[in-house]
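Thanks for asking for a second pair of eyes on this one. Here is the model, with my notes below it.

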Amino acid sequence: MRLLEDRTIRLFVGLTAFFCANAVLAEFIGVKIFALEATLGIAPLHWDLFGNRGTLDFTAGTVIWPIVFIMTDTVNEYFGMRGVRMISWLAAGLVAYGFLFAYIAIHLAPATWWMGAAQTQGVPDYQAAYAAIFGQGMWIIVGSLVAFLVGQLIDVRVFHRIRRHTGDRHAWLRATGSTAVSQLVDSFVVLYIAFVIGPQHWPTAQFLAIGTLNYVYKMLAAIALIPLLYLARVGIHRYLGHDRAAELRTLAAQED
């Protein structure tokens with residue numbers, strides 16, 4: 001089809017697919033909690049916030065979320081608010097779809113031989129392990145989906161407000177500024193729904209401490225990945241040609 005020969009359409013499809021894949025992956029790998037210090041091979045860094053203490057432990061999903069931020073800002077730059085809203089709702093729908101079928105898969109009757117197939121690997125009950133990994137609590141699922149959508153919708157608005165003042169300059173400022181605001185909301189909304197309203201009923205001090213720590217981590221990671229934003233920009237200009245890329249950016253800016 002000639003329509004699919006259009007490089008702009010192929011670019012948007014490619015960015016959408018990569019964005020959605022990263023969003024879904026972040027949700028499913030996020031069940032693992034990893035120790036940042038041990039991963040980096042450094043001594044534990046103890047923090048003390050709002051009367052709570054701990055080390056730098058995060059969900060594995062935080063490794064990939066900064067890439068989602070970069071993808072959001074890239075789509076925003078060239079396809080505007082409508083483009084970001086479209087991929088955000090699509091990603092949220094795919095995440096919900098994934099959790100639905102994970103739930104169905106958990107409740108399929110396991111083959112007897114399969115349940116003990118990984119005993120030599122230290123997994124005595126494959127079914128229990130499968131359910132524990134893929135069966136994230138409903139409050140966590142709802143919290144992450146709501147936080148994701150709210151964060152994305154805020155991000156796109158802040159991005160364009162900053163763009164009004166910067167024009168085509170300072171892409172890093174638009175990306176960092178929009179992420180700073182959206183992730184401030186995202187980091188606390190997901191925890192509030194999942195762990196304050198949810199059955200664990202975290203006290204306020206713990207909620208504020210963990211939320212602040214997660215926010216600082218996400219912001220530092222987003223700042224560290226800013227060079228990827230410029231690499232994506234260079235790649236898009238080479239793929240589309242400078243004139244077409246500039247035209248897209250102008251059209252996207254007109255949605256302000």
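The points below go through the pockets, the aromatic rings and a few serine contacts.

1. First, the ground rules. This is a predicted model, in which local features need pLDDT of at least 70 and side-chain atom pairs count only at pLDDT 80 or more, while totals for chains, interfaces and linings use all residues. Residues are numbered from 1 along each chain as its sequence is written, and side-chain values use heavy atoms, with hydrogens and water left out.

2. Let's start with the largest pocket, which holds about 830 Å³ of space. A pocket here is an open set of points on a 1 Å grid over the protein atoms alone, where a 1.4 Å probe fits, with protein on both sides within 12 Å along at least five of seven lines; lining residues have an atom within 4 Å of a point. The volume is the space filled by probe spheres set on the points, which are joined across faces, edges and corners.

3. Which residues lie nearest the centre of the largest pocket? They are T59, V190, L191, F195 and N214, out of 37 lining residues. By class, the lining has 18 nonpolar, 15 polar and 4 charged residues (nonpolar: Ala, Val, Leu, Ile, Met, Phe, Trp, Tyr, Cys and Pro; charged: Asp, Glu, Lys and Arg; polar: the others, Gly among them).

4. Helix 7 has the largest share, with 7 residues. Helices (H or I, at least four residues) and strands (E, at least two) are DSSP runs, numbered from the N terminus.

5. The second largest pocket has a volume of about 200 Å³. Its lining counts 14 residues, with F99, L100, Y103, M138 and I141 nearest the centre. Helix 3 and helix 6 each supply at least two of the lining residues, and helix 3 brings the largest share, 6 residues. The lining has 11 nonpolar and 3 polar residues, and no charged ones.

6. On to the rings: there are 14 aromatic pairs (rings of Phe, Tyr and Trp, the last by its six-membered ring, with centres within 6.5 Å; planes under 30 degrees apart are stacked, over 60 edge-to-face and the rest tilted). In one of them, F28 and F134 have ring centres 6.3 Å apart and planes at 55°, so the pair is tilted. F28 lies in helix 1 and F134 in helix 5 (residues 126–134), so this pair ties together parts that are 106 residues apart in sequence.

7. S178 is buried at 0% relative accessibility, and its side chain reaches the backbone oxygen of R174 at 2.8 Å and that of A175 at 3.1 Å. S187 is buried at 1%, and its side chain reaches the backbone oxygen of Q183 at 2.7 Å. Such a polar contact is a pair of N or O atoms within 3.5 Å; within protein, one must be able to donate a hydrogen and the other to accept it, and residues adjacent in sequence count only if both atoms are side-chain atoms.

Conventions. Buried means under 20% relative accessible area, exposed over 50%, partly exposed in between (1.4 Å probe, protein chains only).
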